[in-house]
Amino acid sequence: MVNVQAISNSKNRPGDPRNQEVVHEAGDNQVGNLATPINSSDFTKSFINNLPAYRKGLSPQRRGLEIGMAHGYWLIGPFAKLGPLRDTDVANLAGLLATVGLLIILTIGLSLYASSNPPQPTGTITTPNPPDALSTQEGWNEFTTGFLIGGIGGAGFAYLLISNLPLLQGL
């Protein structure tokens with residue numbers, strides 16, 4: 001009963017932390033974009049804005065190259081170590097081929113999106129200034145080219161690492 005009375009009394013004090021709103025609208029409240037302590041913190045903003053998709057000063061091809069390298073590098077592992085050929089001598093090669101196949105499918109998807117006349121990037125509370133280079137079909141085509149080259153390069157590098165793992169462990 002005492003807690004209920006304390007809560008009721010706190011409603012009359014604006015300085016009480018229980019009366020301060022944590023979630024605020026960020027821009028148009030019809031869109032549902034809310035500023036929370038997580039997405040509006042300085043750490044989150046700097047982290048998101050330093051990812052290749054939003055980093056300032058990168059060309060679309062460089063953005064695609066960085067994102068593709070990360071995808072190619074990490075996708076080969078599940079295919080090689082969890083795929084149906086995981087216990088054979090060609091598991092790593094099968095993982096590489098499956099990764100390249102998936103990267104080609106993803107590149108086709110990006111090409112289709114580029115040809116659909118993509119809309120202007122929308123600024124949010126986390127990314128107030130999205131890159132303008134990805135607002136044109138040419139920018140997306142450059143991004144797609146970089147993604148494919150980076151993805152195959154990242155997958156090839158990961159393949160070399162996992163194929164030569166005993167040699168590398170001996171160093």
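**Salt bridges around Glu 66**

Let's start with a pair. Arg 55 and Glu 66 form a salt bridge, with their closest N and O atoms 3.2 Å apart. This pair links distant parts of the chain. Arg 55 sits in the loop between α2 (42-49) and α3 (60-82). Glu 66 is in helix α3, and eleven residues separate the two. Keep in mind that this is a predicted model.

How many salt bridges does a search of the whole structure find? Two.

Glu 66 and Arg 62 both belong to helix α3, four residues apart, which means about one helical turn between them.

Arg 55, Arg 62 and Glu 66 are linked in a network of salt bridges. In general, side chains of opposite charge can pair when their charged atoms come close.

Now accessibility. Is Glu 66 buried or exposed? Glu 66 has a relative accessible area of 17%, so it counts as buried, the cut-off being under 20%. Arg 55 comes out at 25% relative accessibility, so it is partly exposed. Arg 62 is at 43%, and that also makes it partly exposed, since exposed would need over 50%.

To recap. Glu 66 is buried. Arg 55 is partly exposed, and so is Arg 62.

Terms used
Residues numbered from 1 in each chain as written. Predicted model: local features only at pLDDT ≥ 70, side-chain atom pairs only at ≥ 80, totals over all residues. Heavy atoms only, no water. Salt bridge = Lys/Arg side-chain N within 4 Å of Asp/Glu carboxyl O. Buried < 20%, exposed > 50% of the residue type's maximum accessible area, 1.4 Å probe, protein only.
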